[in-house]
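Please read this briefing alongside the sequence and the 3D view.

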Amino acid sequence: AGMKVWSEKAQVLTGMGIAQLPELLVKYWPNPFNQEINIYTEGKETQRIRILTISGQELRNWNIQPGNLLQITTSTLSPGIYILEVGNARFKMVKE
């Protein structure tokens, strides 16, 4: 079976964090993740990408230009639940 790519075009912050912003499409995979996360955005503006703990503490941040792929090495993160924040949108991600 192929890896699922999560593609979201949605509203700002729900429990599961599906981003519905008209000018922003976010694709991220894999989820659950282990060694790395891939993030791809389409839109008009550079987006701020942040990885947060479930309590909202920022662990890392980047800026990504639209149409670029950001590959994040996550080997130093402990297993658990994290929040991927892209602009105003938030997604729940699980590290195995």
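## Overall fold

The protein contains eight strands and zero helices, and it is shown here as a predicted model. Read along the sequence, the arrangement is β-β-β-β-β-β-β-β. Of the 96 residues in the protein, 39% are buried, and the accessible surface comes to about 5400 Å², with 49% of that surface belonging to carbon and sulfur atoms. Among contacts with a sequence separation of 6 or more, 45% are accounted for by residues 24 or more positions apart.

## The four-stranded sheet

- Four strands, in the order β5-β4-β7-β8, form an open sheet with antiparallel pairing.
- The edges of this sheet are β5 (58–64) and β8 (89–95), each of which pairs on one side only, and the twist from one strand to the next averages 20 degrees.
- Strand β4 (residues 47–53) and strand β7 (residues 80–86) run antiparallel and are joined by five bridges; within β4 and β7, I49 stands opposite V86.
- On its other pairing, β4 meets β5 in the antiparallel sense over six bridges, and R50 has N61 in β5 as its bridge partner.
- Because six of its seven residues are buried, β4 is largely enclosed by the rest of the structure.

## The β2–β3 hairpin

- Strands β2 and β3 form a hairpin with six residues between them, and their antiparallel pairing extends over six bridges.
- Within this pairing, K27 has Y40 in β3 as its bridge partner.
- Strand β2 is mostly covered, since five of its six residues are buried.

## The nonpolar core

- In soluble globular proteins, nonpolar side chains tend to be buried together.
- The largest nonpolar core here has 18 residues, and those with the most contacts inside it are Y28, I37, I39, I49, L84, V86 and F91.
- Two or more residues of this core come from each of β2 (24–29), β3 (36–43), β4, β6 (69–73), β7 and β8.
- Leaving aside residues up to four places away in sequence, I39 touches K27, Y28, I49, I64, N68, L69, L70, I72 and L84.

## Aromatic pairs

- A pair of aromatic rings is described by the distance of the centres and the angle of the planes.
- The structure holds two aromatic pairs.
- In one of them, the rings of Y28 and F91 have their centres 4.7 Å apart and their planes at 45 degrees, so this pair is tilted.
- Since Y28 lies in strand β2 and F91 in strand β8, the pair ties together parts that are 63 residues apart in sequence.
- Both partners fall under the 20% limit for burial, because the relative accessible area of Y28 is 3% and that of F91 is 0%.
- The pair of F33 and Y82 is also tilted, at 6.3 Å centre to centre with 55 degrees between the planes.
- F33 lies in the loop between β2 and β3 while Y82 lies in strand β7, so this pair ties together parts that are 49 residues apart in sequence.
- F33 counts as buried at 2% relative accessibility, and Y82 is buried with a relative accessible area of 9%.

## Loops and turns

- The hairpin of β4 and β5 has four residues between the strands, and in this hairpin G56 takes a positive phi near 100 degrees.
- E45 is placed in the loop between β3 and β4.
- At 57% relative accessibility E45 counts as exposed, because the limit for that class is over 50%.
- E45 and G87 are 42 residues apart in sequence, and their C-alpha atoms are 9.7 Å apart in space.

Definitions and conventions:
Residues numbered from 1 in each chain as written. Predicted model: local features only at pLDDT ≥ 70, side-chain atom pairs only at ≥ 80, totals over all residues. Heavy atoms only, no water. Buried < 20%, exposed > 50% of the residue type's maximum accessible area, 1.4 Å probe, protein only. Contact = heavy atoms within 4.5 Å. Areas by Shrake-Rupley, 256 points an atom, 1.4 Å probe, with all protein chains shown as cover. Pairing = 2+ DSSP bridges. Axes fitted to C-alpha atoms, helices over the stretch in contact; angles between N-to-C directions. Core = buried A, V, L, I, M, F, W, Y, C linked by side-chain atoms within 4.5 Å. Phe/Tyr/Trp six-rings, centres within 6.5 Å; stacked < 30°, edge-to-face > 60°.
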